[in-house]
Amino acid sequence: MGPDMEPSVRGSLRLFQVLGIDVYLHWSWFLIAALQISRRPDDYDAPVWKVIEYLSLFGIVLLHEFGHALACRSVGGEANHIVLWPLGGVAYVAPPPRPTPLLWSIAAGPLVNVALAPLLCLAWWQGSEAGWPETQADLMRFVKIMTIINFGLLFFNLLPIYPLDGGQILRALLWYGVGRWRSLLIVSVVGLVLGTGVAVIGAFGMLTLGLAGSPAAVGLGILGILGMFVAVQSWIALQQSHGMLTVEALPRHNAYRCPECGTPPPRGPFWVCVHCQTRFDLFVEQGKCPGCGAWYLHPDCSNCRNSHHIDQWPAPQQTAKESST
């Protein structure tokens, strides 16, 4: 998950913490796990392998999400929790607001699957050479299925559809040319159109095949849920990007710069005093509310969202007070 998506662990159970990163499991995981395991075709001689397979799938997903989180931390970003849910996992990452840290933070997830691929393929090959299909049939099936699942997750995540990893990688690459919020606008529009289309197809197919009693209805239902998730997240991103592009178009206090990212603050009465509700320009008033005298000395940057003391904002070679020109 990317830096512009809001984290939420509501409805999730905290499992453990690794390297300061909390791992949560959404309650619906237990319901879907029970359904998937009970309805899973009997590919194994011993039913316990169906449970091992399902848990191993989430092990791969968890490693993928740790790839995102640790990569984000390596470039100075924040990544404090991961949520596992029935259709995958989400690592809530907040890399520095630049395209290169975002690109690395997102690409590191699929790179975990790339690293696992030769290990699983080697296990498959060695098992075949060692005669596992005859002596350890369940273990051989497990290794084969895990290899296929790992490749499936890799290719699925690399689809250039927001908010999948591929869509966020595309967004990071576009950021170099068109900027942070315009790049988000582009990928969110694509995600909204494709997600809505997939959701409609999945829902229609599920109803049609469900009435006919086809087992494929379940798969189409899951596809519809994925499409709905893509569409909702893309709609949220579209609204956010539109709002931030509006903010970017505002007049700026060019004598000030965010100490973190160098963005000038907007010029105008965009700050509201929590005590007297007076609207004022914090940089014109030097942090003091003109209505009641309350002080606001740590303004947030409209770009990177970090806060710094107002004394750190004057740009080099500039005076603290701007001219009227």
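## Surface and overall make-up

The protein exposes about 17000 Å², with carbon and sulfur atoms supplying 66% of that area (Shrake-Rupley method, 1.4 Å probe). Keep in mind that this is a predicted model, where local features need pLDDT of at least 70, side-chain atom pairs count only at pLDDT 80 or more, and totals for chains, interfaces and linings use all residues. Residues are numbered from 1 along each chain as its sequence is written, and side-chain values use heavy atoms, leaving out hydrogens and water.

Of the 325 residues, 42% are buried (under 20% relative accessible area, 1.4 Å probe, protein chains only). You'll find eight helices and six strands here (DSSP runs: H or I of at least four residues for helices, E of at least two for strands, numbered from the N terminus).

## Helix 3 meets helix 6

The axes of helix 3 (residues 99-129) and helix 6 (residues 165-178) come within 9 Å and cross at roughly 160° (axes are lines fitted to C-alpha atoms over the stretch in contact, with angles from 0 to 180 degrees between N-to-C directions). So helix 3 runs roughly antiparallel to helix 6 (an angle over 145 degrees).

Touching residues (heavy atoms within 4.5 Å) include L102, L103 and I106 of helix 3, and I169, L173 and W175 of helix 6.

## Helix 2 meets helix 5

Helix 2 (residues 48-74) and helix 5 (residues 137-157) have axes that come within 10 Å, crossing at roughly 35°. Among the residues making this contact are W49 and H64 from helix 2, plus F142 and N157 from helix 5.

Methods. Angles under 35 degrees count as roughly parallel, over 145 as roughly antiparallel, 65 to 115 as roughly perpendicular and the rest as oblique. Buried means under 20% relative accessible area, exposed over 50%, partly exposed in between (1.4 Å probe, protein chains only).
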